[in-house]
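Please consult the sequence and coordinates alongside the text.

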Amino acid sequence: MKKEYETVWEIFNQCANNQMRDVFFDEIETDDPEAYIRRKFPDKNLKYEKMVEADGSLVFEIETSGIRQRFTFTEI
């Protein structure tokens, strides 16, 4: 059974003097957030760390193609 999540996708800027980042919000349905991450970022060199927040949100710290990103899943 698929669950509904609000997602926040943050792409961090690589420039040292620019602290801004791109942030995207979406609502998705998935039965496996980790599989969703692997499909969304098919890079062979994908590295990620999965964390579970106190509120149950799943946070994936991602590095792919030399870019640092964060993807947060909060169940609706």
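## Aromatic pairs

In this predicted model, the number of aromatic pairs comes to 10. One of them joins Trp-9 and Phe-24: the ring centres are 5.4 Å apart and the planes meet at 45°, so the pair is classed as tilted. An angle under 30 degrees would count as stacked and one over 60 as edge-to-face, so 45° falls into the remaining class. Trp-9 belongs to strand 1 (residues 3–12) and Phe-24 to strand 2 (residues 21–30); the pair therefore ties together parts that are 15 residues apart in sequence. Phe-24 has a relative accessibility of 41% and is thus partly exposed, since that class lies between the 20% limit for buried and the 50% limit for exposed.

A further tilted pair is formed by Phe-71 and Phe-73, with 5.3 Å from centre to centre and 35° between the planes. Both Phe-71 and Phe-73 are buried.

## The aromatic cluster

Which residues form one aromatic cluster? The members are Tyr-5, Trp-9, Phe-24, Tyr-36, Phe-41, Tyr-48, Phe-60, Phe-71 and Phe-73. The cluster thus includes Trp-9 and Phe-24, which pair with a plane angle of 45°, as well as Phe-71 and Phe-73, whose planes are 35° apart.

## Charges over rings

Trp-9, a member of the cluster, also has a charged group over its ring: the charged end of Lys-40 sits there, 4.3 Å from the ring centre.

Thr-64 is located in strand 4 (residues 58–64). Its relative accessible area is 7%, so Thr-64 is buried, the limit for that class being under 20%. The side chains of Thr-64 and Asp-43 make a polar contact at 2.9 Å. Leaving aside residues up to four places away in sequence, Thr-64 touches Phe-41, Asp-43, Leu-46 and Gln-69. Of these neighbours, Phe-41 is also a member of the aromatic cluster.

Is Ser-65 buried or exposed? With a relative accessible area of 60%, Ser-65 is exposed, because the exposed class begins over 50%. Ser-65 is placed in the loop between strand 4 and strand 5 (67–75). The phi angle of Ser-65 is near 55°, a positive value in a residue that is not glycine.

Conventions:
Residues are numbered from 1 along each chain as its sequence is written. This is a predicted model: local features need pLDDT of at least 70, side-chain atom pairs count only at pLDDT 80 or more; totals for chains, interfaces and linings use all residues. Side-chain values use heavy atoms; hydrogens and water are left out. Rings of Phe, Tyr and Trp (its six-membered ring) pair if their centres lie within 6.5 Å; planes under 30 degrees apart count as stacked, over 60 as edge-to-face and the rest as tilted. Helices (H or I, at least four residues) and strands (E, at least two) are DSSP runs, numbered from the N terminus. Buried means under 20% relative accessible area, exposed over 50%, partly exposed in between (1.4 Å probe, protein chains only). A charge sits over a ring if NZ of Lys or CZ of Arg is within 6 Å of the ring centre and within 35 degrees of the ring normal. A polar contact is a pair of N or O atoms within 3.5 Å; within protein, one must be able to donate a hydrogen and the other to accept it, and residues adjacent in sequence count only if both atoms are side-chain atoms. Contact means heavy atoms within 4.5 Å.
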